[in-house]
Amino acid sequence: MDNLQLIKSNQQSKYEEIIEYLSQDNGYWLENDIWDAIETFFIGEKISNMRYIDFSNIKNDNLKNEIKYFFLYKHKEKLLTNKGILRLNVSLKHFSEFYTGKSLLELDREKTFIKWKIF
C-alpha cells in the first residue's frame with residue numbers, strides 16, 4: 001500500500017510541475033485551449049498558413065495539460081521547429097479520439113504505440 005501512495009504522490013508532484021510550467025507568460029498556456037502562433041511570446045507569425053494549436057478536443061483537463069506541457073516544453077527548449085510544432089496540431093485531434101486514458105503519466109508506451117499504428 002505504501003508503494004501505491006508513493007507512486008500517486010510522485011504523479012501529483014509531476015502534475016504540479018506541469019501546472020507551474022504552463023503558468024508562464026501570465027498563464028497564457030494554461031488558460032487557453034487554442035494557442036495562437038502569432039503571439040509574440042510564442043512563434044510570432046503564421047508558418048505555412050498554419051496559425052493555431054487547438055487542444056479543445058481533449059476533454060480530460062489533466063491529459064490536456066500534460067499534452068500542453070509537451071508542446072510548450074518542446075517549443076521552449078527548441079526540440080521541435082516552429083513548423084514542426086504547428087504540424088503536430090493535425091495529430092492532436094486524432095489522438096484525442098484515440099486515447100481514452102486519464103493521464104500520460106500512466107501510459108503504457110509499448111501497448112499504446114501498437115494500438116496507435118493500427119488506429
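Predicted model: local features only at pLDDT ≥ 70, side-chain atom pairs only at ≥ 80, totals over all residues.
Biologist: What share of the 119 residues counts as buried?
Modeller: Buried means under 20% relative accessible area, exposed means over 50%, and partly exposed is in between (1.4 Å probe, protein chains only). With that cut-off, the buried share of the 119 residues is 29%.

Biologist: Let's go to the charges: how many salt bridges are there?
Modeller: Side chains of opposite charge can pair when their charged atoms come close. A salt bridge here is a side-chain nitrogen of Lys or Arg within 4 Å of a carboxyl oxygen of Asp or Glu. By this rule the count is six.

Biologist: How many residues apart in sequence are the parts tied together by lysine 64 and aspartate 33?
Modeller: Their side chains meet in a salt bridge at 2.9 Å, N to O. Lysine 64 lies in helix H3 and aspartate 33 in the loop between helix H2 (24-31) and strand S1 (34-36), so the parts that this pair ties together are 31 residues apart.

Biologist: Which residues are linked with aspartate 33 in a network of salt bridges?
Modeller: Lysine 68 also meets aspartate 33 in a salt bridge, 2.9 Å from N to O. Lysine 68 lies in helix H3 and aspartate 33 in the loop between H2 and S1, so this pair ties together parts that are 35 residues apart in sequence. Lysine 68 is buried, with a relative accessible area of 0%. The residues linked with Asp33 in the network are Asp61, Lys64 and Lys68.

Biologist: In which helix do lysine 93 and glutamate 97 both lie?
Modeller: Their side chains meet in a salt bridge of 2.7 Å, N to O. Lysine 93 is partly exposed at 44% relative accessibility, and glutamate 97 is partly exposed at 48%. The two are four residues apart, about one turn of the helix, and both lie in helix H4 (residues 82-98).

Biologist: Now the rings! How many aromatic pairs does the structure hold?
Modeller: Rings of Phe, Tyr and Trp (its six-membered ring) pair if their centres lie within 6.5 Å; planes under 30 degrees apart count as stacked, over 60 as edge-to-face and the rest as tilted. The number of aromatic pairs in the structure is 16.

Biologist: What is the angle between the planes of phenylalanine 55 and phenylalanine 71?
Modeller: Phenylalanine 55 is buried at 0% relative accessible area, and phenylalanine 71 is buried at 4%. Their rings form an edge-to-face pair, 5.3 Å centre to centre, with the planes at 85°.

Biologist: Where do those two sit in the chain?
Modeller: Both belong to a cluster linked by ring pairs, whose members include Trp35 and Phe42. The pair links distant parts of the chain, 16 residues apart: phenylalanine 55 is in the loop between strand S2 (52-54) and H3, and phenylalanine 71 is in helix H3.

Biologist: Which residues does histidine 75 touch, leaving out those up to four places away in sequence?
Modeller: Histidine 75 is in helix H3 (residues 61-76). This histidine is buried, with a relative accessible area of 11%. Contact means heavy atoms within 4.5 Å, and the residues that histidine 75 touches are Phe42, Ile43, Asn82 and Ile85.

How values were computed: Residues numbered from 1 in each chain as written. Heavy atoms only, no water.
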